[in-house]
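Please prepare a briefing on the structure shown below.

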There are 2 protein chains.
Amino acid sequence: MAPAKSLAQELAAKQREISVAEFFERNRQILGFDNPTRALLTTVKEAVDNALDAAEEARVLPEIHVEITKEGTDRLKVAVDDNGPGILRKEIPNVFGRLLYGSRFHANRQSRGQQGIGISAAVLYAGLTTARPARVLSKVLEEEAAHALELSIDTQRNLPRVVSEDVELWDRPSGTRIELTLKAKYIRGRQSPTEYLRGTAIVNPHARLTLLEPDGTRITYERATTELPPLPKESPPHPYGLELGELDYRLKGSKRPTVAQFLTQELSGVGPRALKEILAHAGLSGRETPPKLPAEKIERLLAAVHAVPLVAPSAESLSPIGSLLIKRGLKNVLGEVRPEFYAPAVSRPPKVRGGFPFVVEVGLVYGGGLPADQPMQLLRFANRVPLLFQQGACAITTAVGALDWRRYGLDQKGGNGLPTGPCLVLVHVASTKIPFTSEAKEALAEDPELDKELTLALQAAARHLKVHLSRRTRRDYAAEKFAIILKILPKLAAKTSGLVGKPVPDLTPIITRIMDIVHVETAEPIGGAAVVIPTKITNYTPRPRVLEVFLEMPIDQLPQAEFTPAPDGVDRELGRAWWTLPKLAPNTDVTVTATFPKGAEVEASDLEFYVAGVDEARLIGAEPLPGDWDVRLPRAVIEAAEQAGEPVVAGEEAEVDYDAEEGKAQVDDD
Amino acid sequence: MAPAKSLAQELAAKQREISVAEFFERNRQILGFDNPTRALLTTVKEAVDNALDAAEEARVLPEIHVEITKEGTDRLKVAVDDNGPGILRKEIPNVFGRLLYGSRFHANRQSRGQQGIGISAAVLYAGLTTARPARVLSKVLEEEAAHALELSIDTQRNLPRVVSEDVELWDRPSGTRIELTLKAKYIRGRQSPTEYLRGTAIVNPHARLTLLEPDGTRITYERATTELPPLPKESPPHPYGLELGELDYRLKGSKRPTVAQFLTQELSGVGPRALKEILAHAGLSGRETPPKLPAEKIERLLAAVHAVPLVAPSAESLSPIGSLLIKRGLKNVLGEVRPEFYAPAVSRPPKVRGGFPFVVEVGLVYGGGLPADQPMQLLRFANRVPLLFQQGACAITTAVGALDWRRYGLDQKGGNGLPTGPCLVLVHVASTKIPFTSEAKEALAEDPELDKELTLALQAAARHLKVHLSRRTRRDYAAEKFAIILKILPKLAAKTSGLVGKPVPDLTPIITRIMDIVHVETAEPIGGAAVVIPTKITNYTPRPRVLEVFLEMPIDQLPQAEFTPAPDGVDRELGRAWWTLPKLAPNTDVTVTATFPKGAEVEASDLEFYVAGVDEARLIGAEPLPGDWDVRLPRAVIEAAEQAGEPVVAGEEAEVDYDAEEGKAQVDDD
């Protein structure tokens, strides 16, 4: 049976290594170069993402110019330059002309570029479609002139090929410029360079971006803040979610003399106490040499790090946008739409998946000029980069669609999928490693940990929307009722009194009996030396009441607020404060005032009031205290109260069980 | 400003090459290893796809065993073996322990594996999650024993590491077995190994697959044919869709002495006549040395190959399933569902995108036990591999959702998205290069050429469905009407005749005046020495008619059919035949019989009849001739008719304009 042997040999003769550049040349759709429209967007995106990373690393406010000009019928020239630190001459060819080469892949911190593929892929695509080399101009600070290189990629070897080289004067103190000529098509609107830049401006309010369109139009996205986000710090992986093979690999490669040092230095979250517990749990002394640890001990060590409670992952390696800047970024670009409601943005605490920390943030905007008969607009972002493609294949979309938005006041067919309404939702995932579904970095893969955080953040944002909508409806209804009662009743009383010749009676009991509500109204901020937001709480019920009032507001604004009267408790972690107000007689009111430093960006809608013990039907302008709230007094408050010998409403860990039944808060009954 | 310089230097110091294995280790979700359930499926899929490719290359009917067994709480062992040609000892480590290494990437022909990533990725994942090496057993034909290797991957260098080696007796004459222990979870149902194997069985009816589940259950998918599909042949790229950079690259790498030889030997579709035209168009002599062609001449050459008409791409490099086997494959696994209708499967002629030929095939099944209140079941396949994930991000899904299925008889909200109904659609795309959206190979990228073919194929299948549904409705209605008329009229006539003492009159004029239809009824096949399918055509109208009848059937079944009476024309390319039947008096019929060889797999529903010149309301069991049909007589028929001195209905290229107006086909009027 000689032929079969030769078949195996024949097949063996055909076996060969595939260069990663060749692979992506043949599979450029994987990198986002499917067609001329998308190829343009991907090129702009890769160049701008790199430019933003570079400027932030240099700790300067990013100043980025994008120029797109026509070159023949189906070609465009794309040029992007930045004010980053520049790239050393010797690194230029590899950075732009070699796939899987970069500085950020091994750094365990949030950055836009992570793969070392993107910009080289654009160079590859340009060469493939127009056979033109890329032109790179780069200048580092004290060099007099910039290096100007023309280069292409030798795909079979995945190595750069420098075509020409020169030096050139450049007015930037330092920075990098890349120019590419490629088969491309310029469009506006959906999935266009302008949509990408607008999205980038929202989540990078510290960047200034300009775009020169092929027809000569110039568009500028001005910055909304001059504060640079802190530079994320590199941090070792957190043991939570660490796999056996990875632990094995890290131990084998470790240069630390002992396993104890490996655990505390090359993993994050392992403090001295945890170290002791881990070693005891795994039956190790800690003095073992990491690379020599035998297989069965590695398995026990992994079980131990998963069993022992560890310090939560640090957020230092991340750069979330923060609720304040999410709102400001949204306002900066949604100005013309004039939404009626910006929900307080949600920025969740950091969590870990597979050893990598991540944070989920959600912003929500409602009403105004947003279209009412269209599906919700969903803006997806990962590490401050807008995701414009593959919305249907993204874990963010899945999480949004899985929420029953009908419960929060939006239309949604069958209770799943994107809801309909004048609503825009922004979702940002920041992580040291984003689980993209492909190298085109346009969609996030499904992950149970990620999904949980997405759901929690979306629910929190949706709850704000619900409060807004129901408050609006009931306030409108109450205002109408008020107007009638306050207009007609006194006239009626005056007429009747006149007829019977008696004095006009006190209408309070009648008015309160008809109204029978507790009215909470937060006025718009009063500016000046400080920003003052008063909230008037009126008892329009026929009974005197001792009201327990809770305030929720963005956690980054709570610390700068001062309240009159002083609250009985503050929970900074959840952004809440609460008061037991002095007894309010019928038809009397009390005002709670929040005072912020001058220039604070805070609005009436940032303050959400909840009242315990009054049912929904009797509350206007506030919500009943949700049944699922864990109303706990912070430790500091409890301690202070204990020291002062005062009783505290809730003990440490104990929950105050707010009975939602009407009447509990009544003290007197007349 | 020294610090900035050091920043550029600092960044430069961090620049480094990223090994492709490291890259995918950190981004394993890109390869389909997101979670334990999917990791299992991807592992099975990669191993079985390789096994099928191997057996087909060895020209043996694939015989593949999959065993999944439990190993501890969250681990499974997966073993897959095949009867392929085996792998030479020296190639085993690279094939299984190195990413981007393989024999099929550079071969321009259809195969399941193309990337040289899949199975090594499974080895990588197994090592990462359990730190266990892969075990490979492989035997080539005349070697006495099999090589048994244990190996893992050195991810930093992307190279295999052989852990142990041995020889072992194996009862397979030749073949390969891979065993992996991985963190995995076994499920049944959606996106499970059984769903994958069932799908594989549908589109690989020549393969026999067995699965041993972790609980010991054994499932076998028997083959539905013993005919091996032809092995696709390697073919050079077709110039259609070739990019400038790629042409440049191919010219530079060519070893042919002249551009003329390059064009005819290293591209497909360039015949001697086209070569002349291309050279003239490009202003070249053809004697130029390929690597020395200057840039501007390359541009002109590209313009020329795009301008000159070329021979269509050959289908030799592809292995479509064919309409017959699509249907047989569907029947083989849908047996229990007993669908009422299998549409003739659509297998489109090959087209080209970006130089790579491709074919789209569509099968459609309706009714029976398929759920009526659910969205259509969509089975997606690429190169005979089922696609189970990312349905929402796939160009196939987009094409299905873009069709207005309401026009074809299914419910569909808003006229887009998956329709609702007891319907299953199978779509297979075969190509020398499938445009997957990621290395996980689960969805196809959008592409205008691909979309066009998908739409045409889906429309053709949907048209069959529409014909079936409307035929069924009208047949049911007519049968009801018939039954009443044929039962009551004679009784009425007999009674009346008796009363007036006259003979019972001929009821034909009355019956035909009430019925006023042309009735076409195809009986189920009569087996025996041959398969005979008679179709009875009855003129139940009150006028004699000369009917023009058209038959459409699957193109691969037409050639083996013999018809009585002989058709007046046959178009093999479109699978059509037609007759001008002898004049039919009212209430008389004629039978057209199709005879197929013994054992032919053909059914009544494969034959679709169309009648010209009779409007829809008067036709039962057939459709009016669609207005958009180009009714052309094939050249051979015309020539034969000309030689015989007979008049032909339609001349070469001329279209017969069938006036749909009732009455055109009437010859006599009584």
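Two residues are in contact if their C-beta atoms, placed from the backbone, lie within 7 Å. By that criterion, 62 residues of chain B are in contact with 61 residues of chain A. The model is a predicted one, in which local features need pLDDT of at least 70, side-chain atom pairs count only at pLDDT 80 or more, and totals for chains, interfaces and linings use all residues. Residues are numbered from 1 along each chain as its sequence is written, while chains are lettered from A and ligands numbered from 1 in the order in which they are written.

**Interface between the chains**

- Helices (H or I, at least four residues) and strands (E, at least two) are DSSP runs, numbered from the N terminus.
- On the side of chain B that touches chain A, at least two residues each come from elements including helix H2 (20-26), helix H5 (118-130) and helix H7 (244-253) of chain B.
- H1(B) supplies the largest share of that side, eight residues.
- The residues of the side of chain B that touches chain A comprise 29 nonpolar, 18 polar and 15 charged; Ala, Val, Leu, Ile, Met, Phe, Trp, Tyr, Cys and Pro count as nonpolar, Asp, Glu, Lys and Arg as charged, and the others, Gly among them, as polar.
- Strand E4 (residues 101-102) of chain A and strand E1 (residues 16-17) of chain B run antiparallel and are joined by two bridges; strands pair if DSSP finds at least two bridges between them.
- A:Gly102 has B:Arg16 as its bridge partner in E1(B).

**Chain A as a whole**

- Chain A contains 15 helices and 27 strands.
- Its C-alpha atoms fill a box of roughly 120 × 70 × 65 Å along the principal axes.
- Of the 670 residues of chain A, 49% are buried, that is, 20 or more other C-beta atoms lie within 10 Å of their own.
- Among contacts in chain A with a separation of 6 or more, 71% involve residues 24 or more positions apart.

**A sheet in chain A**

- An open sheet of mixed pairing has five strands in the order E22-E23-E20-E25-E27 (chain A).
- Strand E22 (569-571) and strand E27 (623-624) of chain A stand at the edges with a single partner strand each, so one side of each has no neighbour in the sheet.
- Strand E25 (residues 608-612) of chain A runs parallel to E27(A), joined by two bridges, and A:Val611 has A:Pro624 as its bridge partner.

**Nonpolar cores**

- A nonpolar core is a set of buried Ala, Val, Leu, Ile, Met, Phe, Trp, Tyr and Cys residues joined through C-beta atoms within 7 Å.
- The largest core has 297 residues, and A:Val362, A:Leu444, B:Val362 and B:Leu444 have the most contacts inside it.
- A second, separate core of 33 residues includes A:Met515 and A:Trp578.

Terms used:
Buried ≥ 20, exposed ≤ 12 C-beta atoms within 10 Å, placed from the backbone.
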